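Dear colleague,

I am passing on the structure we spoke about, with the sequence alongside. Please have it open while you read the notes that follow.

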Amino acid sequence: MSKRDRPLADYSVPKTRRLRRRLLWRLRRMRDAVDVETLEVFEHELGAFERAGVADIDRQRTRNVATSAARVATAQKREELIRSALVRAENDIRRAEVAAERLDAKLLGQDPDLHTFA
Amino acid sequence: MARDIVLKPPRIRSGVGHISPFAHVLVYVLLLGMITVDYVLLSQALTLLLRNDSQYGSIGLQMYVITLGISLAVVSLPHVVAIIMRRIQAGVMSRRWSIVAVALALIWAALLAAITIARIKAGIDAQSAGGLTGLTGATAAPTTATFSWSAPDTIMAFLMLGVLATSGAISFIAAWLTTRPLLTAAEKAHSHVERLRVHHDRLLGEAVAAREETIQAMRLDHEDAVRYTGARITFASRVDLLRAQLATRLAQRERDPESTSQIIRELKARHVAEPSEISPAIPPVQLTDRAADPLSS
(Lines give C-alpha, C1' and ligand atoms only; values in the text may rest on other atoms or scores of the structure.)
Protein backbone atom coordinates (compact mmCIF):
# COMPACT_ATOMS: atom_id res chain seq x y z
CA MET A 1 0.00 0.00 0.00
CA SER A 2 1.54 3.27 -1.04
CA LYS A 3 1.69 6.31 1.14
CA ARG A 4 -1.06 8.02 -0.80
CA ASP A 5 -3.60 5.28 -0.19
CA ARG A 6 -2.86 4.80 3.49
CA PRO A 7 -5.80 5.83 5.68
CA LEU A 8 -5.29 8.50 8.29
CA ALA A 9 -4.17 7.58 11.76
CA ASP A 10 -6.91 6.59 14.16
CA TYR A 11 -7.67 8.62 17.28
CA SER A 12 -6.63 7.44 20.72
CA VAL A 13 -8.92 8.70 23.45
CA PRO A 14 -7.13 9.32 26.78
CA LYS A 15 -7.96 6.82 29.51
CA THR A 16 -9.57 7.98 32.77
CA ARG A 17 -8.92 4.93 34.91
CA ARG A 18 -5.81 6.21 36.64
CA LEU A 19 -7.35 9.57 37.47
CA ARG A 20 -10.46 7.90 38.79
CA ARG A 21 -8.48 5.61 41.07
CA ARG A 22 -6.43 8.48 42.38
CA LEU A 23 -9.42 10.68 43.06
CA LEU A 24 -11.39 7.88 44.71
CA TRP A 25 -8.40 6.98 46.86
CA ARG A 26 -8.02 10.54 48.00
CA LEU A 27 -11.73 10.78 48.68
CA ARG A 28 -11.63 7.67 50.84
CA ARG A 29 -8.62 8.96 52.73
CA MET A 30 -10.24 12.26 53.64
CA ARG A 31 -13.72 10.88 54.06
CA ASP A 32 -14.63 13.14 56.92
CA ALA A 33 -13.00 16.29 55.78
CA VAL A 34 -14.75 16.82 52.52
CA ASP A 35 -15.75 20.39 52.04
CA VAL A 36 -16.15 22.87 49.24
CA GLU A 37 -12.41 23.60 48.91
CA THR A 38 -11.58 19.91 48.52
CA LEU A 39 -14.23 19.56 45.91
CA GLU A 40 -12.79 22.56 44.14
CA VAL A 41 -9.42 20.88 44.11
CA PHE A 42 -11.05 17.83 42.62
CA GLU A 43 -12.81 19.92 40.08
CA HIS A 44 -9.53 21.61 39.24
CA GLU A 45 -7.83 18.30 38.59
CA LEU A 46 -10.73 17.11 36.54
CA GLY A 47 -10.71 20.27 34.49
CA ALA A 48 -6.97 20.01 33.90
CA PHE A 49 -7.33 16.42 32.79
CA GLU A 50 -10.14 17.32 30.46
CA ARG A 51 -8.20 20.15 28.92
CA ALA A 52 -5.17 17.91 28.44
CA GLY A 53 -7.26 15.23 26.80
CA VAL A 54 -8.96 17.67 24.47
CA ALA A 55 -5.60 19.12 23.55
CA ASP A 56 -4.31 15.63 22.79
CA ILE A 57 -7.23 14.86 20.50
CA ASP A 58 -6.85 18.25 18.86
CA ARG A 59 -3.22 17.51 18.22
CA GLN A 60 -4.10 14.27 16.45
CA ARG A 61 -6.73 16.09 14.47
CA THR A 62 -4.23 18.73 13.43
CA ARG A 63 -1.81 16.10 12.21
CA ASN A 64 -4.48 14.34 10.21
CA VAL A 65 -5.68 17.63 8.78
CA ALA A 66 -2.18 18.40 7.57
CA THR A 67 -1.87 14.99 5.91
CA SER A 68 -5.22 15.14 4.21
CA ALA A 69 -4.70 18.74 3.13
CA ALA A 70 -1.45 17.76 1.45
CA ARG A 71 -3.26 14.90 -0.24
CA VAL A 72 -6.05 17.14 -1.48
CA ALA A 73 -3.51 19.69 -2.70
CA THR A 74 -1.65 17.04 -4.69
CA ALA A 75 -4.84 15.78 -6.26
CA GLN A 76 -5.97 19.27 -7.19
CA LYS A 77 -2.58 20.14 -8.62
CA ARG A 78 -2.77 17.12 -10.88
CA GLU A 79 -6.26 18.13 -11.87
CA GLU A 80 -5.09 21.61 -12.84
CA LEU A 81 -2.20 20.15 -14.83
CA ILE A 82 -4.59 17.93 -16.72
CA ARG A 83 -6.90 20.84 -17.42
CA SER A 84 -4.16 22.96 -18.95
CA ALA A 85 -2.85 19.95 -20.88
CA LEU A 86 -6.33 19.43 -22.27
CA VAL A 87 -6.53 23.02 -23.43
CA ARG A 88 -3.14 22.73 -25.08
CA ALA A 89 -4.06 19.46 -26.76
CA GLU A 90 -7.22 21.03 -28.15
CA ASN A 91 -5.21 23.90 -29.59
CA ASP A 92 -2.78 21.42 -31.13
CA ILE A 93 -5.62 19.46 -32.65
CA ARG A 94 -7.12 22.60 -34.15
CA ARG A 95 -3.81 23.66 -35.68
CA ALA A 96 -3.11 20.17 -37.02
CA GLU A 97 -6.55 20.02 -38.56
CA VAL A 98 -5.95 23.32 -40.29
CA ALA A 99 -2.63 22.03 -41.63
CA ALA A 100 -4.21 18.80 -42.84
CA GLU A 101 -6.99 20.70 -44.57
CA ARG A 102 -4.49 22.92 -46.28
CA LEU A 103 -2.53 19.93 -47.52
CA ASP A 104 -5.72 18.30 -48.76
CA ALA A 105 -6.65 21.45 -50.61
CA LYS A 106 -3.22 21.45 -52.20
CA LEU A 107 -3.71 17.85 -53.25
CA LEU A 108 -7.02 18.72 -54.87
CA GLY A 109 -5.50 21.72 -56.60
CA GLN A 110 -7.57 24.42 -54.91
CA ASP A 111 -4.79 26.20 -53.21
CA PRO A 112 -3.61 29.52 -54.64
CA ASP A 113 -0.08 29.21 -53.35
CA LEU A 114 0.27 25.72 -54.69
CA HIS A 115 3.43 26.46 -56.56
CA THR A 116 5.36 27.40 -53.48
CA PHE A 117 5.46 23.81 -52.38
CA ALA A 118 8.61 21.90 -53.14
CA MET B 1 4.39 1.11 -14.96
CA ALA B 2 2.73 3.05 -17.66
CA ARG B 3 4.11 6.38 -18.69
CA ASP B 4 2.47 9.32 -16.96
CA ILE B 5 1.15 11.33 -19.88
CA VAL B 6 0.46 14.39 -17.74
CA LEU B 7 3.95 14.95 -16.41
CA LYS B 8 5.73 13.49 -19.44
CA PRO B 9 3.59 14.15 -22.50
CA PRO B 10 4.49 12.18 -25.64
CA ARG B 11 6.55 14.13 -28.11
CA ILE B 12 4.30 14.73 -31.08
CA ARG B 13 5.99 16.76 -33.77
CA SER B 14 4.08 19.70 -35.09
CA GLY B 15 4.72 21.21 -38.49
CA VAL B 16 3.85 18.48 -40.96
CA GLY B 17 5.28 18.59 -44.45
CA HIS B 18 8.48 20.44 -43.65
CA ILE B 19 11.83 19.11 -42.59
CA SER B 20 13.39 20.58 -39.53
CA PRO B 21 15.81 23.51 -39.92
CA PHE B 22 18.57 21.38 -38.46
CA ALA B 23 18.13 18.76 -41.18
CA HIS B 24 18.05 21.53 -43.73
CA VAL B 25 21.38 22.87 -42.51
CA LEU B 26 22.81 19.35 -42.51
CA VAL B 27 21.82 18.87 -46.15
CA TYR B 28 23.60 22.04 -47.16
CA VAL B 29 26.67 21.10 -45.15
CA LEU B 30 26.71 17.78 -46.98
CA LEU B 31 26.46 19.50 -50.35
CA LEU B 32 29.25 21.93 -49.45
CA GLY B 33 31.50 19.08 -48.35
CA MET B 34 31.01 17.28 -51.61
CA ILE B 35 31.62 20.45 -53.59
CA THR B 36 34.91 20.82 -51.72
CA VAL B 37 35.94 17.26 -52.52
CA ASP B 38 35.11 17.77 -56.16
CA TYR B 39 37.00 21.03 -56.24
CA VAL B 40 40.16 19.43 -54.91
CA LEU B 41 39.96 16.58 -57.41
CA LEU B 42 39.17 18.80 -60.35
CA SER B 43 41.89 21.29 -59.53
CA GLN B 44 44.43 18.46 -59.65
CA ALA B 45 43.01 17.17 -62.93
CA LEU B 46 42.90 20.55 -64.59
CA THR B 47 46.41 21.35 -63.48
CA LEU B 48 47.57 18.15 -65.14
CA LEU B 49 45.53 18.91 -68.21
CA LEU B 50 46.83 22.41 -68.63
CA ARG B 51 50.30 21.91 -67.21
CA ASN B 52 52.03 23.57 -70.11
CA ASP B 53 49.96 26.69 -69.73
CA SER B 54 49.50 26.75 -66.00
CA GLN B 55 53.18 26.59 -65.28
CA TYR B 56 53.53 30.02 -66.78
CA GLY B 57 50.64 31.30 -64.69
CA SER B 58 48.73 32.53 -67.68
CA ILE B 59 45.34 31.02 -66.89
CA GLY B 60 45.36 30.94 -63.10
CA LEU B 61 42.13 32.73 -62.29
CA GLN B 62 40.39 31.17 -65.23
CA MET B 63 41.30 27.73 -64.00
CA TYR B 64 39.98 28.44 -60.54
CA VAL B 65 36.69 29.64 -61.95
CA ILE B 66 36.37 26.67 -64.26
CA THR B 67 37.15 24.24 -61.46
CA LEU B 68 34.64 25.80 -59.13
CA GLY B 69 31.98 25.89 -61.82
CA ILE B 70 32.42 22.26 -62.78
CA SER B 71 32.36 21.07 -59.21
CA LEU B 72 29.25 23.13 -58.52
CA ALA B 73 27.57 21.67 -61.57
CA VAL B 74 28.52 18.12 -60.65
CA VAL B 75 26.88 18.47 -57.26
CA SER B 76 23.96 20.76 -57.96
CA LEU B 77 22.65 19.29 -61.23
CA PRO B 78 21.42 16.02 -59.63
CA HIS B 79 19.91 18.08 -56.83
CA VAL B 80 17.92 20.15 -59.26
CA VAL B 81 16.93 17.06 -61.21
CA ALA B 82 15.63 15.39 -58.05
CA ILE B 83 13.64 18.45 -57.05
CA ILE B 84 12.09 18.73 -60.51
CA MET B 85 11.18 15.05 -60.45
CA ARG B 86 9.54 15.45 -57.06
CA ARG B 87 7.55 18.43 -58.22
CA ILE B 88 6.42 16.57 -61.30
CA GLN B 89 5.43 13.65 -59.09
CA ALA B 90 3.46 15.88 -56.75
CA GLY B 91 1.72 17.54 -59.65
CA VAL B 92 3.16 20.93 -58.84
CA MET B 93 4.93 21.15 -62.19
CA SER B 94 3.53 19.91 -65.46
CA ARG B 95 4.82 16.81 -67.14
CA ARG B 96 6.70 18.78 -69.75
CA TRP B 97 9.27 19.72 -67.19
CA SER B 98 10.54 16.16 -67.34
CA ILE B 99 12.23 17.16 -70.59
CA VAL B 100 14.26 19.67 -68.63
CA ALA B 101 15.10 17.06 -66.04
CA VAL B 102 16.32 14.62 -68.66
CA ALA B 103 18.33 17.36 -70.37
CA LEU B 104 20.00 18.32 -67.10
CA ALA B 105 20.84 14.69 -66.40
CA LEU B 106 22.35 14.38 -69.86
CA ILE B 107 24.39 17.53 -69.31
CA TRP B 108 25.65 16.07 -66.05
CA ALA B 109 26.65 12.79 -67.71
CA ALA B 110 28.32 14.64 -70.57
CA LEU B 111 30.24 16.77 -68.11
CA LEU B 112 31.54 13.71 -66.28
CA ALA B 113 32.46 12.01 -69.55
CA ALA B 114 34.28 15.11 -70.80
CA ILE B 115 36.27 15.44 -67.62
CA THR B 116 37.23 11.77 -67.66
CA ILE B 117 38.28 11.87 -71.29
CA ALA B 118 40.24 15.04 -70.75
CA ARG B 119 42.00 13.49 -67.78
CA ILE B 120 42.96 10.42 -69.80
CA LYS B 121 44.07 12.63 -72.67
CA ALA B 122 46.20 14.69 -70.31
CA GLY B 123 47.88 11.52 -69.11
CA ILE B 124 48.59 10.40 -72.63
CA ASP B 125 49.96 13.82 -73.56
CA ALA B 126 52.17 13.96 -70.52
CA GLN B 127 53.47 10.52 -71.25
CA SER B 128 54.18 11.32 -74.88
CA ALA B 129 55.72 14.70 -74.07
CA GLY B 130 57.85 13.15 -71.37
CA GLY B 131 57.76 15.57 -68.58
CA LEU B 132 57.71 19.28 -68.18
CA THR B 133 58.94 20.44 -71.53
CA GLY B 134 58.98 24.08 -70.66
CA LEU B 135 61.33 23.64 -67.74
CA THR B 136 63.71 21.06 -69.05
CA GLY B 137 63.84 22.07 -72.64
CA ALA B 138 62.39 19.95 -75.43
CA THR B 139 65.30 17.61 -75.73
CA ALA B 140 63.48 14.34 -75.25
CA ALA B 141 62.24 12.71 -78.38
CA PRO B 142 58.42 12.67 -78.57
CA THR B 143 57.41 9.05 -78.23
CA THR B 144 53.91 8.22 -79.38
CA ALA B 145 51.88 6.92 -76.46
CA THR B 146 48.60 5.12 -77.01
CA PHE B 147 45.58 4.59 -74.83
CA SER B 148 45.78 1.74 -72.38
CA TRP B 149 43.33 0.76 -69.63
CA SER B 150 46.03 0.00 -67.15
CA ALA B 151 47.92 3.25 -67.44
CA PRO B 152 48.04 5.05 -64.06
CA ASP B 153 46.43 8.17 -65.46
CA THR B 154 43.55 6.16 -66.87
CA ILE B 155 42.98 4.46 -63.54
CA MET B 156 43.16 7.79 -61.79
CA ALA B 157 40.66 9.24 -64.25
CA PHE B 158 38.16 6.49 -63.58
CA LEU B 159 38.65 6.78 -59.84
CA MET B 160 37.94 10.47 -60.12
CA LEU B 161 34.91 9.70 -62.22
CA GLY B 162 33.70 7.40 -59.47
CA VAL B 163 34.10 10.05 -56.80
CA LEU B 164 32.34 12.69 -58.88
CA ALA B 165 29.47 10.37 -59.75
CA THR B 166 29.15 9.37 -56.10
CA SER B 167 28.92 12.98 -54.98
CA GLY B 168 26.26 13.68 -57.59
CA ALA B 169 24.31 10.59 -56.55
CA ILE B 170 24.50 11.61 -52.90
CA SER B 171 23.14 15.05 -53.66
CA PHE B 172 20.37 13.46 -55.71
CA ILE B 173 19.46 11.09 -52.88
CA ALA B 174 19.54 13.89 -50.31
CA ALA B 175 17.15 15.98 -52.38
CA TRP B 176 14.96 12.94 -53.04
CA LEU B 177 14.72 12.05 -49.37
CA THR B 178 14.14 15.56 -48.06
CA THR B 179 11.37 16.45 -50.48
CA ARG B 180 8.46 14.22 -49.66
CA PRO B 181 5.61 13.97 -52.10
CA LEU B 182 2.51 15.93 -51.24
CA LEU B 183 0.37 12.84 -50.74
CA THR B 184 2.71 11.55 -48.05
CA ALA B 185 2.61 14.92 -46.33
CA ALA B 186 -1.19 14.91 -46.30
CA GLU B 187 -1.25 11.38 -44.92
CA LYS B 188 1.22 12.34 -42.25
CA ALA B 189 -0.90 15.34 -41.32
CA HIS B 190 -3.95 13.14 -40.93
CA SER B 191 -2.12 10.58 -38.81
CA HIS B 192 -0.77 13.46 -36.74
CA VAL B 193 -4.30 14.70 -36.07
CA GLU B 194 -5.28 11.15 -35.19
CA ARG B 195 -2.46 10.80 -32.69
CA LEU B 196 -3.34 14.14 -31.13
CA ARG B 197 -6.93 13.01 -30.73
CA VAL B 198 -5.83 9.80 -29.02
CA HIS B 199 -3.68 11.85 -26.67
CA HIS B 200 -6.62 14.13 -25.98
CA ASP B 201 -8.86 11.18 -25.14
CA ARG B 202 -6.28 9.72 -22.80
CA LEU B 203 -6.04 13.10 -21.11
CA LEU B 204 -9.81 13.07 -20.63
CA GLY B 205 -9.50 9.69 -18.94
CA GLU B 206 -6.76 11.04 -16.73
CA ALA B 207 -8.96 13.99 -15.83
CA VAL B 208 -11.72 11.65 -14.66
CA ALA B 209 -9.20 9.69 -12.59
CA ALA B 210 -7.82 12.87 -11.03
CA ARG B 211 -11.31 14.07 -10.23
CA GLU B 212 -12.05 10.77 -8.49
CA GLU B 213 -8.83 11.05 -6.57
CA THR B 214 -9.69 14.53 -5.35
CA ILE B 215 -13.14 13.40 -4.25
CA GLN B 216 -11.56 10.45 -2.46
CA ALA B 217 -9.13 12.71 -0.62
CA MET B 218 -11.90 15.06 0.42
CA ARG B 219 -14.01 12.13 1.61
CA LEU B 220 -11.09 10.88 3.69
CA ASP B 221 -10.80 14.30 5.22
CA HIS B 222 -14.50 14.34 6.03
CA GLU B 223 -14.32 10.89 7.59
CA ASP B 224 -11.44 12.05 9.69
CA ALA B 225 -13.50 14.99 10.91
CA VAL B 226 -16.31 12.60 11.84
CA ARG B 227 -13.91 10.39 13.77
CA TYR B 228 -12.52 13.44 15.51
CA THR B 229 -15.99 14.40 16.67
CA GLY B 230 -16.55 10.87 17.87
CA ALA B 231 -13.31 10.94 19.83
CA ARG B 232 -14.27 14.22 21.44
CA ILE B 233 -17.66 12.86 22.42
CA THR B 234 -16.11 9.69 23.81
CA PHE B 235 -13.64 11.63 25.90
CA ALA B 236 -16.29 14.01 27.20
CA SER B 237 -18.52 11.09 28.15
CA ARG B 238 -15.63 9.43 29.96
CA VAL B 239 -14.94 12.56 31.97
CA ASP B 240 -18.62 12.95 32.70
CA LEU B 241 -18.76 9.35 33.83
CA LEU B 242 -15.85 10.04 36.14
CA ARG B 243 -17.60 13.05 37.56
CA ALA B 244 -20.78 11.07 38.07
CA GLN B 245 -18.90 8.30 39.86
CA LEU B 246 -17.19 10.83 42.08
CA ALA B 247 -20.50 12.44 42.91
CA THR B 248 -22.10 9.09 43.62
CA ARG B 249 -19.25 8.07 45.89
CA LEU B 250 -19.46 11.38 47.64
CA ALA B 251 -23.16 10.97 48.20
CA GLN B 252 -22.64 7.45 49.54
CA ARG B 253 -19.93 8.53 51.93
CA GLU B 254 -21.83 11.44 53.33
CA ARG B 255 -24.37 10.57 55.93
CA ASP B 256 -26.34 13.53 55.10
CA PRO B 257 -27.12 13.68 51.45
CA GLU B 258 -28.60 17.04 52.05
CA SER B 259 -25.23 18.59 52.87
CA THR B 260 -23.65 16.92 49.91
CA SER B 261 -26.23 18.28 47.65
CA GLN B 262 -25.72 21.58 49.39
CA ILE B 263 -22.02 21.42 48.54
CA ILE B 264 -22.86 20.45 45.02
CA ARG B 265 -25.31 23.28 44.72
CA GLU B 266 -22.79 25.76 45.99
CA LEU B 267 -20.18 24.46 43.58
CA LYS B 268 -22.61 24.81 40.75
CA ALA B 269 -23.35 28.37 41.76
CA ARG B 270 -19.66 29.21 41.71
CA HIS B 271 -19.31 27.36 38.50
CA VAL B 272 -21.96 29.42 36.82
CA ALA B 273 -20.39 32.55 38.28
CA GLU B 274 -17.17 31.98 36.34
CA PRO B 275 -18.08 30.63 32.90
CA SER B 276 -14.57 30.52 31.45
CA GLU B 277 -14.09 26.91 32.35
CA ILE B 278 -13.05 24.91 29.35
CA SER B 279 -13.48 26.38 25.96
CA PRO B 280 -13.45 23.49 23.53
CA ALA B 281 -11.32 24.19 20.54
CA ILE B 282 -13.51 22.84 17.78
CA PRO B 283 -17.27 22.82 17.64
CA PRO B 284 -18.59 23.21 21.11
CA VAL B 285 -22.14 22.62 20.03
CA GLN B 286 -21.55 19.12 18.79
CA LEU B 287 -20.05 17.88 22.01
CA THR B 288 -22.01 16.98 25.09
CA ASP B 289 -24.11 19.71 26.53
CA ARG B 290 -22.29 20.65 29.65
CA ALA B 291 -24.85 23.08 31.02
CA ALA B 292 -27.62 20.47 31.02
CA ASP B 293 -25.60 18.01 33.07
CA PRO B 294 -26.77 18.07 36.68
CA LEU B 295 -23.55 16.50 37.99
CA SER B 296 -21.16 18.82 36.29
CA SER B 297 -19.29 19.69 39.44
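This is a predicted model: local features need pLDDT of at least 70, side-chain atom pairs count only at pLDDT 80 or more; totals for chains, interfaces and linings use all residues.

Along the sequence Val54(A) and Pro14(A) are 40 residues apart, yet in space their C-alpha atoms are 8.9 Å from each other.

As for the rest of chain A, its secondary structure consists of 2 helices and 0 strands, and 18% of its 118 residues count as buried. Helix 1 of chain A, which takes in residues 17–29, has 13 residues that should span 18 Å at 1.5 Å a residue, and this agrees with its end C-alpha atoms, which are 18 Å apart. Of those 13 residues the number buried is 1, so helix 1 of chain A lies largely in the open.

Chain B has 8 helices and 0 strands, so that, read from the N terminus on, its elements run α-α-α-α-α-α-α-α. Of its 297 residues, 21% count as buried. If one takes the contacts in chain B with a separation of 6 or more, 78% of them are accounted for by residues 24 or more positions apart.

For helix 1 of chain B (residues 21–49) and helix 6 of chain B (residues 152–178), the axes come within 10 Å and cross at roughly 165°. The two helices are therefore roughly antiparallel to each other, since angles over 145 degrees are placed in that class, and their crossing is left-handed.

Which residues in helix 1 of chain B meet helix 6 of chain B? On the helix 1 side they are Ala23(B), Val27(B), Leu30(B), Leu31(B), Met34(B), Val37(B), Asp38(B), Leu41(B) and Ala45(B), and they meet Met160(B), Val163(B), Leu164(B), Ser167(B), Ile170(B), Ser171(B), Ala174(B) and Thr178(B) in helix 6. Sorted by class, this contact has 13 nonpolar, 3 polar and 1 charged residues.

Helix 6 of chain B has 27 residues and reaches 39 Å from its first C-alpha to its last, close to the 39 Å expected at 1.5 Å a residue. Among the buried residues of helix 6 are Asp153(B), Leu164(B), Ser167(B), Gly168(B), Ser171(B), Phe172(B) and Ala174(B).

Asp38(B) is found in helix 1 of chain B, and with 24 C-beta neighbours inside 10 Å it counts as buried. Leaving aside residues up to four places away in sequence, Asp38(B) touches Ser71(B), Val74(B), Val75(B), Leu164(B) and Ser167(B). With Val75(B), Asp38(B) has a C-alpha to C-alpha distance of 8.3 Å, although the two are 37 residues apart in sequence.

Ile35(B) also lies in helix 1 of chain B, but it is partly exposed, with 19 other C-beta atoms within 10 Å. Again leaving aside residues up to four places away in sequence, Ile35(B) touches Ser71(B), Leu72(B) and Val75(B). The C-alpha atoms of Ile35(B) and Leu164(B) are separated by 9.4 Å, and the two residues are 129 residues apart along the chain.

Finally, how many residues of chain B are in contact with chain A? There are 57 of them, and they are in contact with 55 residues of chain A. On the side of chain B that touches chain A, at least two residues each are supplied by helix 3 (60–90), helix 7 (182–253) and helix 8 (257–273) of chain B. The largest share of that side, 39 residues, comes from helix 7 of chain B. By class, the residues of chain B that touch chain A divide into 31 nonpolar, 11 polar and 15 charged.

With best wishes

Notes
Residues are numbered from 1 along each chain as its sequence is written. Chains are lettered from A and ligands numbered from 1 in the order in which they are written. Axes are lines fitted to C-alpha atoms, for helices over the stretch in contact, and angles run from 0 to 180 degrees between N-to-C directions. Helices (H or I, at least four residues) and strands (E, at least two) are DSSP runs, numbered from the N terminus. Angles under 35 degrees count as roughly parallel, over 145 as roughly antiparallel, 65 to 115 as roughly perpendicular and the rest as oblique. A crossing is left-handed if the near helix is turned anticlockwise from the far one by less than a right angle, and right-handed if clockwise. Two residues are in contact if their C-beta atoms, placed from the backbone, lie within 7 Å. Ala, Val, Leu, Ile, Met, Phe, Trp, Tyr, Cys and Pro count as nonpolar, Asp, Glu, Lys and Arg as charged, and the others, Gly among them, as polar. The expected span of a helix is 1.5 Å times one less than its number of residues. A residue is buried if 20 or more other C-beta atoms lie within 10 Å of its own, exposed if 12 or fewer, and partly exposed in between; C-beta atoms are placed from the backbone.
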